[in-house]
Amino acid sequence: MKQKIRYVKTSDGIAIAWARSGQGRTLVRASNWLTHLEYDWQSPVWRHWTRFLATNFDYVRYDERGCGLTDWKVTGLSVDRWVADLDAVVEASKVEKPMLLFGVSQGAAVAIAYAVKYPERVSGLVLYGGYARGARRRDPDFAIAYDAMQELVRIGWRDPNPVFRQLFTSRFIPDGTEEQVTWFNDLCQRTTTPEVAYQLLKARSDVDICDLLPKVRAPTLVIHGDGDEVVPVSEGHLLASEIPGAKFVSVASRNHVLLEHEPAWQDFKDAVLQFTTASLPEAVPLPQ
């Protein structure tokens, strides 16, 4: 399996790295935090995702601003900015439309906002581990703890001792093997800087797109781990209950990133293939 990595310049001058692999129906993935187009390709945390999606789809993905092979600088972080970055990749890749749109974690909010802004371009939404409300919006009492985590990023991200980065790893993949945990700890350093990581975490915590959910017109599949330790399953239920006609699938996992060895990974694949091979109607434009 091979991928081609290219770059596109955004309207504000950021060079975004994007990749294409596989064949079939186009599926574009809205970026999420801590990715690296080259490093993920061989990682024990993300490689099974890439293999599955590139085997079944014309798979387009990219590193978000501040991460991976994309410019390590951030300006004007917001859902609107992330939607514009996704649009830049969509246009550069010249994918056929309407397309399937895939959002993981924070990428779900971006995919939803894009689908509302460009309903005629999206034939279906697949959302995993997603949320409409960032940590501060869904749990104001968690603000102090979240501030502390952000400061730990600034202090310990570059430390050779992975103890600070382990805070994130233990939440994202609590059931990970030693190899997977070590890889995820290394990914933190490989994919971004302490200051950018801090800014990205801060921006995510303030996300709130609840008002957009009833406006989605594309058929939508929401998948969520029932014990997700990063984004509670209640956020998945919120997405599915507010997006018209959305289907909700719960998988048995504590991991925010599903791992290849757990049964939930097969359940995820089955749900995605069943949804995407169904006869999805074209997205219905919003009334003017």
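**Note on the aromatic cluster and the core**

1. Ring pairs join Trp-46, Trp-49, Phe-52, Phe-102, Tyr-128, Trp-265 and Phe-268 into a cluster. The model is predicted. It holds 15 aromatic pairs.

2. Take Trp-49 and Tyr-128. Their ring centres lie 5.6 Å apart, and their planes meet at 55°, so the pair is tilted. The two residues are 79 places apart in the chain: Trp-49 belongs to helix 1 (residues 47-56), Tyr-128 to strand 6 (residues 122-128). Are they buried or exposed? Trp-49 is buried, because its relative accessibility is 0%. Tyr-128 is buried too, also at 0%.

3. Trp-49 also pairs with Trp-265. Here the centres are 5.1 Å apart and the planes are at 45°, so this pair is tilted. Trp-265 sits in helix 10 (residues 263-277), 216 residues from Trp-49. Trp-265 has a relative accessible area of 3%, so it counts as buried.

4. Two charged ends sit over rings. That of Arg-29 is over Trp-46, 4.7 Å from the ring centre. That of Arg-138 is over Tyr-131, at 5.2 Å.

5. Now the largest nonpolar core. It has 95 residues, and Trp-33, Trp-49, Ile-112 and Phe-268 have the most contacts inside it. Helix 3 (residues 106-117) gives the largest share, nine residues. Beyond its close sequence neighbours (within four places), Ile-112 touches several residues, including Leu-125, Ile-209, Val-216 and Ile-243.

6. Arg-6 lies in strand 1 (residues 4-9). Its relative accessible area is 37%, so Arg-6 is partly exposed. Leaving aside neighbours within four places, Arg-6 contacts Ile-16, Ala-17 and Trp-18. Ala-92 is 86 residues away in sequence, yet the C-alpha atoms of Arg-6 and Ala-92 are 9.1 Å apart.

Terms used
Residues are numbered from 1 along each chain as its sequence is written. This is a predicted model: local features need pLDDT of at least 70, side-chain atom pairs count only at pLDDT 80 or more; totals for chains, interfaces and linings use all residues. Side-chain values use heavy atoms; hydrogens and water are left out. Helices (H or I, at least four residues) and strands (E, at least two) are DSSP runs, numbered from the N terminus. Buried means under 20% relative accessible area, exposed over 50%, partly exposed in between (1.4 Å probe, protein chains only). Contact means heavy atoms within 4.5 Å. A nonpolar core is a set of buried Ala, Val, Leu, Ile, Met, Phe, Trp, Tyr and Cys residues joined through side-chain atoms within 4.5 Å. Rings of Phe, Tyr and Trp (its six-membered ring) pair if their centres lie within 6.5 Å; planes under 30 degrees apart count as stacked, over 60 as edge-to-face and the rest as tilted. A charge sits over a ring if NZ of Lys or CZ of Arg is within 6 Å of the ring centre and within 35 degrees of the ring normal.
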